[in-house]
Amino acid sequence: MKTLKFPSAYTILMLLTVLMAALTWLIPAGQYQMVNNETLGKMVPLVGSYQTVDANPQGFLDILMAPIQGFYDPANYMARAVDVALFVLVIGGYLAVVTQTGAIDAGIAKTMARLGGKERWMIPILMGLFALGGTVYGMAEETIPFYALLIPVMIAAGYDSIVGVAIIMVGAGIGCLGSTINPFATVIASNAAEINFVDGIWLRLAILIIGWLACVIYVMRYADKVKRDPSQSLVAEQGEANREYFLHGRGESAPELTLTRKIVLTIFGLTFAIMMWGVASQGWWMAELSALFIGSSIVAGLVGKLSEVEITDSFINGARDLLGVALIIAIARGLVVVMDDGNITHTILNFAEGLLVGLPQILFINAIYWIEAVLCLVVPSSSGLAVLSMPILAPLADFAGVGRELVVTAFQSASGLPNLVTPTSGVVMGGLAIGRIGYSTWLRFIGPLLGFLTAMVMVLLSVGVILS
């Protein structure tokens with residue numbers, strides 16, 4: 001008998017799309033009245049304005065159209081996930097060109113030799129850097145290029161692909177979960193709640209620091225276990241295949257780190273530094289970043305003495321390798337489109353609003369956390385969720401006698417969850433696809449840590465209520 005296998009990421013997302021389409025036939029359609037918020041520069045829902053509207057149940061054709069609508073809106077040609085998907089393809093091409101020069105393999109070999117058995121200390125350092133990106137500016141889509149870079153390093157160090165993915169996904173995720181000045185979560189949510197974004201920052205710092213320590217210990221313990229006994233890896237059955245795939249089939253010998261390859265690696269590092277600078281201070285997003293990596297591909301290829309055919313062929317083959325990731329991102333976005341077009345997103349928010357009325361303070365703030373966590377499945381964008389939920393949920397805190405800054409903290413802690421596990425997040429599913437990790441395998445790995453983080457946040461939110 002054939003053993004049952006957990007479905008692929010594509011099947012999971014399409015099944016969720018079918019489920020959401022079915023819900024549009026069962027859940028009453030409704031909308032809040034939307035008004036312009038000058039501070040945010042966005043349309044936000046008006047408290048008490050919810051009303052039922054004509055149903056728009058999603059049918060078979062809508063389900064088939066969902067992945068297409070995940071890329072762009074066919075009605076007005078506005079981009080949805082097409083820019084992120086294109087960025088992923090460009091990144092695949094860029095990494096393939098740099099790999100073709102031999103610089104990455106040579107750099108990995110040199111790094112491992114210099115570390116001399118101290119590879120485990122890369123974990124807290126790198127997780128700290130990704131957490132910093134998460135807490136400062138909500139690092140999410142920008143992490144995608146790092147997976148293909150870091151996973152080979154971790155495998156060469158004697159770990160597995162899960163360690164590489166966890167350093168990035170959990171590192172940036174705990175930063176977002178413990179957002180302090182993240183403009184796309186904490187700042188927007190605070191503005192929507194009509195408070196200063198520094199209100200409640202000490203509690204958020206506590207969540208960030210305690211959460212980061214817990215995540216580092218968790219990942220390091222798993223990494224040490226895998227290094228001692230590779231059979232303990234959750235992806236042990238594909239260990240050899242992963243080494244062949246991520247290390248490009250090289251054996252004990254590695255290319256020499258020549259001056260030319262050092263220059264290529266310098267260009268490689270500068271490209272990522274420019275990316276971070278552009279996102280953080282110049283307002284760059286996917287279009288500009290894609291152009292940056294296309295330009296860097298050409299420069300790295302020429303410096304690495306590749307021919308025109310080698311550059312173009314490597315780029316195309318690399319983009320082909322990440323085509324599945326680009327499709328996953330679009331399908332995940334299409335799932336959300338089905339819910340929005342079915343007019344049930346606001347109905348779910350209105351139902352959540354009704355659950356909060358009359359709750360005691362500690363129950364109220366923890367209920368806010370769980371409601372936001374559920375809404376993350378519906379709206380995986382932290383800024384989108386802030387604009388949608390804060391104008392409705394924050395005023396309820398006044399009636400419950402809870403500070404609005406605690407509602408914002410509950411929101412941003414919950415909005416960090418999509419960066420760790422939510423299947424509707426293209427970043428999560430895309431990162432797992434790059435790491436060749438099944439979603440069920442990731443759940444087995446992240447489950448205990450997710451349980452601890454959830455309990456930690458609930459305890460700290462309760463303490464915040466008591467001390468306020």
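Predicted model: local features only at pLDDT ≥ 70, side-chain atom pairs only at ≥ 80, totals over all residues.
View 1. Apart from neighbours within four places in sequence, the residues in contact with Glu-119 are Met-112, Ala-157, Tyr-159 and Lys-227. Glu-119 itself sits in the loop between α4 (103-115) and α5 (122-137). Because its relative accessibility is 8%, and buried means under 20%, Glu-119 counts as a buried residue.

**View 2. Packing of helix α17 against helix α18.** Helix α17, which covers residues 382-400, and helix α18, which covers residues 404-415, pack at an angle of about 150°, and their axes are 9 Å apart. The crossing of these two helices, α17 and α18, is right-handed. On the α17 side the contact is made by Ser-382, Leu-385, Ala-386, Ser-389, Met-390, Ala-394, Pro-395, Ala-397 and Asp-398, while α18 contributes Arg-404, Val-407, Val-408, Phe-411 and Ser-415. By type, the residues of this contact between α17 and α18 comprise nine nonpolar, three polar and two charged.

View 3. The C-alpha trace spans about 70 × 55 × 50 Å along its principal axes. For 468 residues a compact globule would have a radius of gyration near 23 Å, and the protein has 23 Å, so the two agree. Of the 468 residues, 53% are buried, and the accessible surface comes to about 20,200 Å², with 65% of that surface belonging to carbon and sulfur atoms. Among contacts between residues at least 6 apart in sequence, 78% join residues at least 24 apart.

Technical notes
Residues numbered from 1 in each chain as written. Heavy atoms only, no water. Axes fitted to C-alpha atoms, helices over the stretch in contact; angles between N-to-C directions. Helix = DSSP H or I, 4+ residues; strand = E, 2+ residues; numbered from the N terminus. Left-handed = near helix turned anticlockwise from the far one by under 90°. Contact = heavy atoms within 4.5 Å. Nonpolar A, V, L, I, M, F, W, Y, C, P; charged D, E, K, R; others polar. Buried < 20%, exposed > 50% of the residue type's maximum accessible area, 1.4 Å probe, protein only. Rg over C-alpha atoms; globule rule 2.2 N^0.38 Å. Areas by Shrake-Rupley, 256 points an atom, 1.4 Å probe, with all protein chains shown as cover.
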